[in-house]
Amino acid sequence: MLNLWSAALLICASLASAARLSVSIPASPPLLPNPATLPSSTHAVLIGPPGIRYDVPIKRDSTFTFPDLAEASYLLTIYSRDHFFPPLRVDVEKATGESQSQTIQAWQTFRGNEWTHKGAHYGSGKGELQVSVQPSMPKNFYQERGGFSVFSFLKSPMILMALVSGAMIFGMPYLMENMDPDTKAEFEEMQKKGPLTGSQGAGAQMQNFDFASWMAGGKGADTEGGASGGGGGGGGAKRR
Amino acid sequence: MRLPLIAAVTLLARTTLAVFADEAFKVDYHLALIGEPSDASLFHQPNPSSRASLIYSVSEEGVLGAVNPRDGTLVWRQVLSLEATARNTSFLRAGEGQDVVISGLGSQVAAWSAADGRQIWSVDLGSQLADVEILELSDGKETPGPKDALALSTTEKNAAVSRIDGATGTIKWQYPLDGGDAPYQVSASATEVYAVVLHKTMMGYIKLKVISLDPVTGHKKDEYVLSSDNELATPDSIISVGANSASPIIAWTDSAYSVLKVNVIGTKATSTFSIEKHNGHAVTSIKLHAPYHVNCLSHFLVHYETSDAHWAEVFHIDPKQSKVEKAYSLPKISGKGAFSTSTSDANVYFTRVTRDQVVTVSSASHGVLGRWAVEDYGVAGGTGEVTEPLRSVSDVSIKGETVSAVRSAVLLSTGDWVLLRDGMPIWSRPEMLASVVAASFVAPAEAEALVHELEAEAHSNPLQAYIHRVIRHLHDLQKLPVVLPSLPQRMMQGFLGTNEDEDVASDTFGFHQIVACATKNGRLVALDAANLSKILWNRQVADLKSEQTWQPIVSSPKGGVIEVKSRAAAGTQYNASSGEQLLSILPIDVELDAAAKPVQYTMRESTLEATMDGNAAWHFSPMDGERIVSLVPRPVNDPVASIGKVLGDRRVLYKYLDPNLALLVTAKDTARSATFYVLNTVSGAVLHSSSHVGVDLSAPISSIMSENWFAYSLTAEASDDSPKGHQLVVGELFESLVADDRGPLEVTANYSSIQTSTDPFTLTQTYQIPEAISKMAVTRTRQGITSRQLLAVLPDSHAVVGLPYAVLDPRRPANRDPTKTEQLEGLVRYAPVIDLDPKWYLNHKREVIGLRDVVTSPALIESTSLVFAYGLDVFGTRLSPSFSFDILGADFNKFQMLATVAALAVATFAVAPLVARKQVNRRWQFL
């Protein structure tokens, strides 16, 4: 396959009068403060009509040079290990009028769009064109794991619920203690009426459920447990 | 039963799949290789002001690379041509005190920055190069800056000597050579440039003609023919020598290697030396080693080799009288040896590397300056194979009169490139792996045995299975005494996560499979697929003459066995863990083989012909002017967990599953079109075909077929309805496009592809991708429950990407947002462009160059597929396309778990007295 390419290259080289394209990569902070740091495997590929393909490595002065281009419409892509570069459309057209050299123009192009859809104009020249292309994006290869952080741990709803209920359990008795006797009495009255709490409430039954006696004696043990249940949540307060 | 699970799995796969930062460089491995170094290797200081030097080499794979001699890491490399052959001699030159290396390969001369490998210039001379030299003038006329290069190009039309400007690469002058003579070598002395051409006489012999040129203008100064009598019959018996010595020489022998003739270029006299025979063994090869610098003493070494021994003679040239004299000879040592030349100021040193020692001598006298024993090269070889040094390049440190240290980079017969420092191997690079032509995973024998036992249990009646199981467990108990003492250590390692260096034997998850690689040179190399730091074994399996190629097929017919088949010979089997050849070749189960494939098809002169039971069944011939590019069948072992696709509303689309599907690609060069056919290889029916025009047929066309879908990629020219660029097409075959409907297959329990022809309903979708794909593969897991990833080799980005199937799904709704049920299924709106996200790069920051193929293998656990890619580089990793749902990954924080348990324990103990007190108090209140 490479043979074909090189053969095609040779044919092109012999047919064309030299149209020269050089692409430089300027320093473009903050993405790429120093283009000399680009790895030497950085290369630019120019794809022409079927069978025509030029592939040049980056030079010491951070440029790519295509010395000899035939008349065609090309797609220029720069491949680098750490950065993305925008794809360009490069057109080399026949010499017009008395000038002997070909016209060469470059635009930005967009993948998935029609070929006639051109973007920003990068420049045009007679016989020779120099354009500079800046990287568009760094390549980010890695996905960070959602590691353990105390903040995200505390933010999770389960933990929030646990904390709130913990505060209720430990904080309630003190609150009750500090209440004046009238409000306290009223509150206790309210609690007794509640469906979940109170001596007949489901909560109290659940809390005072004597598992061992239920295992041992069944029904009777259950009633005993229910009878012994004094005041559920309020029990602690009464005691004092 | 399985459907909900699959739905869950596909939903899991929806999130991005990427290489995790903490797994990168741990799970994956990569060997950045250059290939076996050719004679064009040298030590050179990339920065003239510093003494640190790198080893530069142009390999037999056509790759120029710089290797750090301290630890063997690759500093940089450039692919000059990936199809270099032995015929294409390569050249590598470095001017003394310069930060440039100049390479020559094919028709291209290029200069590279020695420190970072960036190109400085490159010149295409239009024809095959015969020689490249650096012009080192010492008459004060040379320009400051990089030194100029001389190149000699061949072929009738373009044969010429060119002087290339060292700074810009422009050609300063060109001296065309006459058509009839074959250019052979270019040499430069301090004042003149000599071109040596081979002149064919009427008798068919070769005469050496020397043309001397003015280095400044390129005009011819003189021309003469050396009297070589009639002993030169072929150019092979000329022993060329590096040219930039003070007295460049050319030497040749007769075809029987009985006399050696040496001529100092620039003079007409030749000196003749007879070559003695040793023990009746004829000399089989003669090599010349001479220093490359103008200022060095004009001494050279002639290296003689017979089939079982080697020796050398050192000659001195008297530059004033141009006389060549034999100075001394180095003793004969059995086995092969490698000589290398190093210089220090004007002194020349020869270093000899043999099977068991390294010896350094000065060119002036035969006294041994340094001798070091080599106990072991530290590389894996075949059983009973003696590791021989083939080529070496050395760097000698001189302190006063003695040699203080010698570093030699030696290419061994095993294909390893080893650096010896004072006889001690410091590092080795397995460069034979750069020429792997076929590779395959081998399932470990132990794991395979267990699988068979489990299968036996599953298929027998419950009582038998129970007895079988009890017996198996009793057998396992015998291993207990061995396991118990190592248990605390293993637990500790498991807890700290340091148990990565498991070996093949104790492999719980099936990650440590053996990969067998057949190399271009006829060697078979076995690697551990999870730990590439060690090569298990490496042996010669095919005796190939030079220039001879083979197309091996490596396969694993059963656990622990590797089978290598060549086109010519029958298969040979090897033990996967030791590399021993299995003497009793098990007869291939013919019946089983035939049962698996009742229809055999072969490709004959661009047509496919199939036979069934020896009778012609069908044949496929492409249309006029079309040629078959490739044929990709569905993998033989391609388990599919579900016969349908679950839709969002719990209905099912039935997949068209046929084990005999294949994707055939044909191309028409005149019309620049490519056609893709999905064939049924039993009936020969074409199930689906699509054609593309304006296709770049010189660009790679890759294709894959798996399960009920296929994919192919191509590079197309801009047309009215499609933009210029690379396309990826994905097609999926269904029994019917109506949910919960199996079409005509519904009523039949069994069906035959030959009798009933049911056409599948095919959905295809085309995507634009940013670059060409040269090869595709697909991940494989044990049961096929895990979703699949399409693996694509990107030759331009030097990467392998894993594309999740959800991205490629042809059922992605186009021109509308997905409906509720489609969203439930995980389908997203079709977008014409798939940007290959760097997070999908399996190789992440590593650059994987020159990949030829990717092979995959299921691990023992369902979630994981092993990937091994080979070519110039070797790259491997393991993938969990649906995340690691059956193994605790690195994201499982053992410390956090233990901390939680501890916190709960503490809380329990702290709260227990409180609860007890409360209960006691409550009793006291009422009773």
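User: Which residues of chain A does UniProt place under the feature "transmembrane region"?

Analyst: Residues 158-176 of chain A, according to an unreviewed UniProt entry. Bear in mind that the model here is a predicted one.

User: What makes up that stretch, helix or strand?

Analyst: Helix: residues 158-176 of chain A come out as 100% helix and 0% strand.

User: Okay, on to chain B. Why is E707(B) called buried?

Analyst: Buried means under 20% relative accessible area. E707(B) has 10% relative accessibility, so E707(B) counts as buried.

User: Where is E707(B), and what is its phi?

Analyst: E707(B) is in the loop between β51 (702-706) and β52 (709-716) of chain B. Its phi is near 50 degrees, which is positive even though the residue is not a glycine. Most residues other than glycine have a negative phi.

User: Back in chain A, what kind of peptide bond joins P29(A) and P30(A), cis or trans?

Analyst: A cis one, with omega about 5 degrees. Most peptide bonds are trans. As for the location, P30(A) lies in the loop between β1 (20-24) and β2 (43-47) of chain A.

Methods. Residues numbered from 1 in each chain as written. Chains lettered and ligands numbered in written order. Predicted model: local features only at pLDDT ≥ 70, side-chain atom pairs only at ≥ 80, totals over all residues. Heavy atoms only, no water. Helix = DSSP H or I, 4+ residues; strand = E, 2+ residues; numbered from the N terminus. Buried < 20%, exposed > 50% of the residue type's maximum accessible area, 1.4 Å probe, protein only. UniProt positions renumbered as here; feature names shortened; annotations may be inferred.
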